[in-house]
Amino acid sequence: MQIASSLSALRSHLLAQGLDGMIVPRADAWQSEYAAPHDNKLAWLTGFTGTAGVALVLRDNALIFVDGRYQVQVRNEVDLQAWEIHHLHNDPLESHLPANSRIGFDPMLMVNSQFEVLNATDCELIPLKDDPFVAVWHDRPAAPQGAIREMPLAIAGESSADKRARIAAGLDARGVDYLAITQPDNIAWLLNVRGSDIATSPVPLSFALLSRTGEMQWFVDTAKTANLSQELLGSLTLSTMEGLISRCQEIASGKRIQLDADSAPVALRFAVEHHGGEVTWAADPITLIKATKNQVELEGYRDSHKKDGAAWVNFLAWLSHEVPARLAAGNPLTELEAQAKQLAFREQQDTFIEQSFGTISAASANAAMCHYHSSEATNAAITADSFYLNDSGGQYHTGTTDATRTLAFGSLDPQRKLHYTAVLKGFLSLITLQFPSGSFGHQLDAFARRHLWELGIDFDHGTGHGVGHQLLIHEAPHRIAKKVNLWPLAAGNIMTIEPGYYLEGEYGIRIENQVEVIDAVPGFCRFASLTMIPIDLSQVELNMLTDRERQWLDDYHQQVRDTLSPLVDSDARPWLFAATAPVRVQVS
């Protein structure tokens, strides 16, 4: 009922404004993957809780567009009588905009690359001066005011002053007067701060302007900055977040201001161009610089993965006992119970801060939804006749982790074993790959899919993504996927490798390690695993593995065993040794 009334209230408001419809994106003003409840308009309007999507509300119908990860989930969450479901990429929003209609949009929530596509249609896009949700969303949560903390130089590896000087020198060399920084993780990296506005995403929601001479104006709620040093605050000019647009209007005349077409609100373009300024369109240079980690950051990742690996092993050893015991007692362990216990093991690690994203604890058919999150309504039992998939990670003081393991607690049917083996072989194919330095992620993607393609199956999500240093779990710009990504991989990049397979209504499989791109032979790179977690081989058709694949698994498991055995609980150590036994022993 609440969702239906939300849609009706928005429609009535739009009609009163003389509009035929409105575009409502999942995005907030910072294009955050995980938005604060205050900014999650799409969830309030539709009931859809995924991290990517957009709605088109028209007078007589309403459409929601989501990508392949959410095609199952969206149908479980929205009212299918009120909403039409469309694929975000295969059947995009622009093809559904009625000709000659007046469609409203919030220019703080749309980036220029999106605006250009939609503005090329036959409808009239109307930038809204006032947010309609202020009028219709009466129980809207307050805007977040999470405290901001400084990251020590011993963990960051480079001072904020040096970073700002480095970026400013690049602006000066290109003849750019100002860089508008609208991505909170870029601001966090540049200032060596971390925030707490959004759970699991330790960034402060804010904006910034950096001049070619190195002066920086930070548009941030000053209530969040109470814990910051005077040394840092004294090197900045502080302003309210609402002051960004007016400041851009003030400085625009005769100036060149760099905006990122894929992340900066199009409202900034309007502010600059309408007040005599020139927009320089280019990717925020911080994004690429931040993606190549310095040696201190890399050591931090390695340390955090040891801690996370120990927590995983303690959890998996507990799970291996608890699942069969609870099944035998007729009281099966559930997704939420497993999720809570895993968090408790992570919390035992002395450098753990919080989860790096909401844990995906998924049993049986729930695992077929790539980004499923368990709830009291969906909480399934972990059984012996299907897979249990766990995708989770942690924010540690020294780094960020992300890993997935798919587990079985009984002997599964041949189809499940075949599909699990194909996913494992795809994982091994990519993680063992040596590739030319400067290769793009899309050039590597097929290595992880080949063994699935040979079975006539595939997965509808990316194969890998960048990971921030105590920052966002999905970090731009690098990505391994079918979609073209023109950012070359280089030593010092942190990525994931995570092929999978999902059979709707039945089961899901994914195996994921976080990896570091390192130099190999001259002119080539390879991946070195950061993740230290045994891979479940109980359902693998071992005769389908090559000698090279078996050797990699043996070497990896030896490394995991040697690294973690001193760190895990004593009662988990026997499980660790059994789980990392050489493949040749399991074959015999």
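In what order do the three strands of the open sheet stand, and is their pairing parallel or antiparallel? Before I answer, please keep in mind that this is a predicted model. The order is β15-β18-β19, and the pairing is antiparallel. Strand β15, residues 352–355, and strand β19, residues 399–400, are at the edges with a single partner strand each, so one side of each has no neighbour in the sheet.

Looking at β15 in more detail, this strand is joined by three bridges to β18, which covers residues 394–396 and runs antiparallel to β15; Phe352, for instance, has Tyr396 of β18 as its bridge partner. Lying across both β15 and β18 is helix α14, residues 335–347, whose direction makes an angle of about 160° with β15.

Let me turn to another helix, α4, which spans residues 112–119 and in which Asn112, Phe115 and Leu118 are buried. Seen down the axis of α4, the buried residues fall within an arc of 125°, and therefore they line one face of the helix. What do these buried residues of α4 pack against? Their partners are the strands β1 (21–25), β5 (102–105), β6 (124–127) and β14 (278–281), together with helix α11 (266–273).

Finally, a word on the record: an unreviewed UniProt entry annotates residues 523–583 as "domain: Peptidase M24 C-terminal". In the model, that stretch of chain is 43% helix and 10% strand, with its end C-alpha atoms 32 Å apart.

Notes:
Residues numbered from 1 in each chain as written. Predicted model: local features only at pLDDT ≥ 70, side-chain atom pairs only at ≥ 80, totals over all residues. Heavy atoms only, no water. Pairing = 2+ DSSP bridges. Helix = DSSP H or I, 4+ residues; strand = E, 2+ residues; numbered from the N terminus. Contact = heavy atoms within 4.5 Å. Axes fitted to C-alpha atoms, helices over the stretch in contact; angles between N-to-C directions. UniProt positions renumbered as here; feature names shortened; annotations may be inferred. Buried < 20%, exposed > 50% of the residue type's maximum accessible area, 1.4 Å probe, protein only. Arc of directions from axis to C-beta.
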